Amino acid sequence: MPSFPFHRKTLALSLILSASANLDNMYAFQSTLARTRSAAPLRTTLQSCSFSNRRAAVLASSYQHFMTATDTSNTSSSSSSLKVIPIQDAYEKVTMDEIVSLCKRRGIIFPSSEIYNGFAGFYDYGPLGAELKKNVKDIWWKTFVTAREDVVGLDSSIIHNPTTWKSSGHLDGFSDPMVDCKETKLRYRADQLFASPIVLKETSETIGWVCIQEANDEDMVKDAKKMAKQVMKDTPHQGKDIEAFQFRDLTQVSEEEMSMIPSPATGKPTLTMPRDFNLMFQTNVGAMSDGSSVAYLRPETAQGIFINFKNALGTSRAKIPFGVAQIGKAFRNEITPRNFIFRSREFEQMEVEYFIPPGDDVWQPFHEKWMQDSKDFLVSVGLREDLMGWDVHEGDKLAHYARACTDITFRFPFGVQELMGIAARGDFDLTQHSEGSGKSMFFVVDDDLCGCLCVCIHF
């Protein structure tokens, strides 16, 4: 491989500086730093650029490590290429703020309508982000549609006949629990606020409550300690040891307990009891704006597949078992969009509904196979397997119509959350739409009705 020392150094410097604090005269430093070979002078220069001693040492070491690695690469055969040397513990230390900042600087994701101060819960994908997202969707489509004989594609409309959502249960049941702060008028999802009593170790006396927003375990404990310290300040209990926090989300507290739980916004008990908030975006279709013109942006892509089940089956001449796949936009009016693009109000889903013969002993092998295929896909596109896990829905967590549901979880910087859900939904959806439309959505398989297995991939 030809040697281009100046270009290699400039690349290293650009990466280092762009990942650091803003420098008004960054370009002026590049020519000086590009001639630097040892870590010590670089560290001194960085310190003069208002970097802290510790930050300057880290950046200088990173630069020297990069230069050493590329020098070694250049001494090998001419056909060799530069290798990326990952920092093994980088993911353990990264924060969401650093990820958000990086995405904006590199043209991956921008806040939507940024010139108008943004719009909460909406994001735009930049030049690199658009390419990255398209690549992921293309690989997913090739894996689960093009490369399979038993799955066909679909692209349904974003707005369906409103009766669709009545039949599916979304009009009555697609909601999140919400609480209001009566003083600031801020709204929160009740299942994302966690409260705990402050209990003295010495006497087991409850002296107050803390209330914090959902995060990873370490950050939640840190925030709770900070709030507890504030509650105990200027009281006889200041400085005393307290028991470990016992967090419960606000859907699990009583009205009496809620009267003592402080709002995250005010630090005072000004929260209402939880109530349901429907997440669907409402719009009007046509020239009139009355009740007859009300429609909804789809909150998921699945229902478009179910209402087109017979069309897809008949035109593709498929035989059970077979699946229908779709990639498309979905919209949810989240009460408190947070954690960057993980919980936004406009997003894309990649989804497969796989229809199988009926029977209590039929669905389990299909369910297990789709679980494994889904995880294999995530590993194939670069996700670390050690950061993934399984969350089996049981008891009250399992939907009333589902035979089984298992989530593939991922350990994000803000905690472990669902990445993908694989649910055995039975024939619930086809039955609901058959009854709601008055048209049969079923066909006969061995003198019985068809059931279905739903595999949902949220992206």
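Reader: How many helices and strands does the protein chain have?

Author: The secondary structure of the protein chain comes to 15 helices and 19 strands. Keep in mind that this is a predicted model.

Reader: OK. What share of the residues is buried?

Author: Buried residues make up 42% of the 459 residues in the protein chain.

Reader: And the accessible surface, what does that come to?

Author: About 25,400 Å² for the protein chain, with 53% of that belonging to carbon and sulfur atoms.

Reader: Where is Ile 159?

Author: Ile 159 sits in the loop between strand S3 (151-153) and helix H8 (163-168).

Reader: Different topic. Which residues of helix H15 are buried?

Author: H15 covers residues 428-437, and its buried residues are Phe 428, Asp 429, Leu 430, His 433 and Ser 434.

Reader: What comes just after H15?

Author: Gly 438, which takes a positive phi of about 75°.

Reader: Where are Asn 339 and Phe 340?

Author: Asn 339 lies in the loop between S12 and S13, and Phe 340 is found in that loop too.

Reader: Is Phe 340 buried or exposed?

Author: Phe 340 is buried, with a relative accessible area of 12%. Buried means under 20%, so Phe 340 falls within that class.

Reader: Which residues does a cis peptide bond join?

Author: Ile 320 and Pro 321, with omega at about 0°. Pro 321 is in the loop between H13 and strand S12 (322-331). Most peptide bonds are trans.

Reader: Now the sheets. What is the strand order in the open sheet with S6?

Author: The order is S7-S6-S8, and the pairing of these 3 strands is antiparallel. The edge strands are S7 (206-213) and S8 (248-249), each of which pairs on one side only.

Reader: How many bridges join S6 to S8?

Author: 2 bridges join S6, residues 193-199, to S8. Phe 194 has Asp 249 in S8 as its bridge partner.

Reader: How many disulfides are there?

Author: The count comes to 0 disulfides.

Reader: What about Cys 211 and Cys 405, buried or exposed?

Author: Cys 211 is buried, with a relative accessible area of 1%. Cys 405 is buried as well, at 12%.

Reader: Last one. What share of the contacts joins residues at least 24 apart?

Author: The share is 63%, taken among contacts in the protein chain between residues at least 6 apart in sequence.

How values were computed. Residues numbered from 1 in each chain as written. Predicted model: local features only at pLDDT ≥ 70, side-chain atom pairs only at ≥ 80, totals over all residues. Heavy atoms only, no water. Helix = DSSP H or I, 4+ residues; strand = E, 2+ residues; numbered from the N terminus. Buried < 20%, exposed > 50% of the residue type's maximum accessible area, 1.4 Å probe, protein only. Contact = heavy atoms within 4.5 Å. Areas by Shrake-Rupley, 256 points an atom, 1.4 Å probe, with all protein chains shown as cover. Disulfide = S-S within 2.5 Å. Pairing = 2+ DSSP bridges.
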